[in-house]
Amino acid sequence: ELGGEVVRLRSFDADGRGHDTRLWIVNDGGRSYLRGRPGSGWFDRVAASPQVELERSGQTGRFRAVPVEPMRDRVNRLMAEKYGWAEQLIALQREMDQTMPLRLDPAGH
């Protein structure tokens with residue numbers, strides 16, 4: 001987590017069991033975005049079942065996680081601005097052009 005805002009995402013497997021993952025989050029234009037990599041457990045669960053729960057600042061909400069590949073560079077930049085040196089450490093370990101941003105749309109919209 002390395003300092004900075006961390007949210008709790010609850011994704012659901014094929015049996016409906018919830019799995020919690022702690023992630024970074026950014027806002028842009030009134031929307032919230034997560035970022036992940038295909039092949040990671042939480043990301044693959046969300047790809048298969050995009051209805052998620054998110055706890056942020058003590059509030060829990062239900063959302064639909066929507067992949068938005070065209071936002072990759074923007075979300076990566078926002079993450080770098082928000083998380084600074086911690087994001088730089090992550091970027092050294094991962095190919096950032098392989099990440100996929102997920103827009104969180106309120107459930108039911």
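**Exercise 1.** In this predicted model, classify the pair made by Trp 24 and Tyr 83 and say which parts the pair ties together.

*Solution.* Start with burial: Trp 24 and Tyr 83 are both buried. Next, turn to the rings, whose centres are 4.2 Å apart with planes at 5°. Planes under 30 degrees apart count as stacked, so the Trp 24–Tyr 83 pair is stacked.

**Exercise 2.** Classify the aromatic pair of Trp 42 and Phe 43, and decide whether each residue is buried or exposed.

*Solution.* The centre-to-centre distance is 5.7 Å and the planes make 75°, an edge-to-face pair. Buried means under 20% relative accessible area. Trp 42 has 10%, so Trp 42 is buried; Phe 43 has 6%, so Phe 43 is buried too.

**Exercise 3.** Find the buried side of helix H1 (residues 41-48) and what packs against it.

*Solution.* First list the buried residues of H1: Trp 42, Phe 43, Arg 45 and Val 46. They lie on the same side of H1 because their arc around the axis is only 160°. The face turned away from that side carries exposed Ala 47 and Ala 48. Now look across the buried side: its packing partners include S2 and strand S4 (31-36). Within strand S2 (residues 18-23) is Thr 21, whose contacts include Trp 42 and Arg 45. With 15% relative accessibility, Thr 21 counts as buried.

Methods:
Residues are numbered from 1 along each chain as its sequence is written. This is a predicted model: local features need pLDDT of at least 70, side-chain atom pairs count only at pLDDT 80 or more; totals for chains, interfaces and linings use all residues. Side-chain values use heavy atoms; hydrogens and water are left out. Helices (H or I, at least four residues) and strands (E, at least two) are DSSP runs, numbered from the N terminus. Buried means under 20% relative accessible area, exposed over 50%, partly exposed in between (1.4 Å probe, protein chains only). Contact means heavy atoms within 4.5 Å. The arc is that of the directions from the helix axis to the C-beta atoms. Rings of Phe, Tyr and Trp (its six-membered ring) pair if their centres lie within 6.5 Å; planes under 30 degrees apart count as stacked, over 60 as edge-to-face and the rest as tilted. Lists of a residue's contacts leave out its neighbours within four places in sequence.
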